[in-house]
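Subject: Structure handover

Hello,

Here is the structure I said I would pass on. My notes on what was found in it follow below.

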Amino acid sequence: MMKITKAKKLTGELTVPGDKSISHRSVMLGALSEGITEAEGFLAGADCLSTISCFRQMGIDILQEGSRVVIHGAGLHGLKAPSKILDAGNSGTTVRLMSGILAGQPFSSEITGDASIQKRPMGRIIDPLTKMNASIASAKGNGCAPLKIQGQKLQGIHFLSPVASAQVKSCVLLAGLYAEGNTSVTEPALSRDHTERMLRYLGASVSSSGLTASIEPGSRLIGQKIRIPGDISSAAYFIAAALLVPGSEILLKNVGINPTRSGMLEVCRAMGGNITLLNEDCSGPEPMADLLVKSSSLHGTVIEGSLIPTLIDELPMLAVLGAYAQGTTVIRDAAELKVKESDRIASVSENLKRMGADVIRTEDGMIIHGGKPLHGATIETGLDHRIAMSFSIAALAAEGETEIPEADCVTISYPEFFEDLKSLQA
């Protein structure tokens, strides 16, 4: 149980944990590379540790000490058959991306996860992998994990994805490493491109044109040093906190500003947020910068269309900002929120109402009439880390006390979240 009351002001500087998406990929692609991959800034949260555990089961030697990970790669064809079912824990990224890799191996495997993962839709990767001649099936026949995969020779395809999803795109591209002929994915909107960037950095032949990403098979991946930027999805909570609490000023160091992920910054600025980028660094595969954020008077905005894939994980936090902003904030085209760790449309709407906000839930988002004073409440997280963190920030600007049972779920992506939040109130 975490209890949070209204903050007077927030000041200081933070380095947020490494990007979760990039941390996953550093382990996966490092394992498939020849030689050593050394990743600095690794996120040692539960999800990324699940990825490490799965690759260790397939014979990969991985040394992990805090935020530094050293992966002794075995090359594209060096993985060994796991002796037991691979457990992805709560990580959808692990299940979906690894399925693409496992589909092209010369062995059979099974991958599953916790109760939440076993409810999340896997048909979206089963379909394109099957088109590539993969043998992959839902063990329970319900389109969800556990997934049984019999590795075999794959055929390259051009897949028209019905959803803008980096997990689907990455799954197909990783399978394309093992396919005969080129493999490409075209999306309805551009999703995050961390997989393409890291594949290219490690030596794969990857090209991107508009909404299409393509990979040529048979590439040799060579281990490299990877500097993982701070996760903008984790920085989002402190960006919002600084904007909401009067008199606040926070400097967030070395945050990833990849254009396919920076929708949070775009929307905050559209709402009147005072955010300045300092010390931009584009020397590695991922651009990063320091973010200086100052308290601001916010107004409502519309969040829709091609913006949605660039901020899908930040939408719960943006909805909270909308509740405090003057005027109306509309979130649409975000039905993907229903199949995250929880139904985030339902969860965000319900918890905002508990705090006194005027929220109308819709099929693909919500309409928030902002500017009403919010009050403390008991928050139902559904064990969703992003709900817990978003409403911890909401509590900083609300009257009274907010209680968050099961607040420990933040360890999924940000184990030191509450310590960092406390440090800014000293």
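**The aromatic cluster**

Phe238 and Phe417 are both buried. Please keep in mind throughout that this is a predicted model. The two residues belong to a group of rings: Tyr237, Phe238, Tyr414, Phe417 and Phe418 are linked by ring pairs into a cluster.

Over the whole structure, the search gives five aromatic pairs. One of them is formed by Tyr237 and Phe417, with 5.9 Å between the centres and 80° between the planes, an edge-to-face arrangement. This pair links distant parts of the chain, since Tyr237 sits in helix 7 (residues 232–244) and Phe417 in helix 12 (residues 417–423), 180 residues apart. Tyr237 is buried, as is Phe417.

Phe238 and Phe417 make another aromatic pair, this one tilted, at 5.6 Å centre to centre and with 40° between the planes. Phe238 is part of helix 7 and Phe417 part of helix 12, so this pair ties together parts that lie 179 residues apart in sequence.

**The chain as a whole**

The chain contains twelve helices and 24 strands. Its radius of gyration is 21 Å, which agrees with the value near 22 Å that a compact globule of 426 residues would have. Along the principal axes, the C-alpha atoms fill a box of roughly 60 × 40 × 40 Å.

Of the 426 residues, 61% count as buried. If contacts are taken between residues at least 6 apart in sequence, 74% of them join residues at least 24 apart.

Four strands, in the order 4-5-3-16, form an open sheet with mixed pairing. At its edges are strand 4 (61–65) and strand 16 (225–227), each of which pairs on one side only. From one strand to the next, the twist averages 15°.

Within this sheet, strand 3 (residues 34–40) pairs with strand 16 in the parallel sense, over three bridges. Glu40 stands opposite Arg227, which is in strand 16. Helix 2 (residues 46–57) packs on the sheet and touches strand 4 and strand 5 (68–74); the direction of the helix makes about 155° with that of strand 4.

Strand 1 (residues 2–5) pairs with strand 24 in the antiparallel sense, over four bridges. Thr5 stands opposite Glu401 of strand 24.

Is Thr402 buried or exposed? Thr402, which lies in strand 24 (residues 401–404), has a relative accessible area of 0%; that is under the 20% limit, so Thr402 counts as buried. Which residues is Thr402 in contact with, leaving aside its neighbours within four places in sequence? They are Met2, Lys3, Ile4, Met355, Gly376, Ala377, Ile379 and Ala395.

Regards

Notes. Residues are numbered from 1 along each chain as its sequence is written. This is a predicted model: local features need pLDDT of at least 70, side-chain atom pairs count only at pLDDT 80 or more; totals for chains, interfaces and linings use all residues. Side-chain values use heavy atoms; hydrogens and water are left out. Two strands pair if DSSP finds at least two bridges between them. Helices (H or I, at least four residues) and strands (E, at least two) are DSSP runs, numbered from the N terminus. Axes are lines fitted to C-alpha atoms, for helices over the stretch in contact, and angles run from 0 to 180 degrees between N-to-C directions. Contact means heavy atoms within 4.5 Å. Rings of Phe, Tyr and Trp (its six-membered ring) pair if their centres lie within 6.5 Å; planes under 30 degrees apart count as stacked, over 60 as edge-to-face and the rest as tilted. Buried means under 20% relative accessible area, exposed over 50%, partly exposed in between (1.4 Å probe, protein chains only). The radius of gyration is taken over C-alpha atoms; the globule rule is 2.2 Å times the number of residues to the power 0.38.
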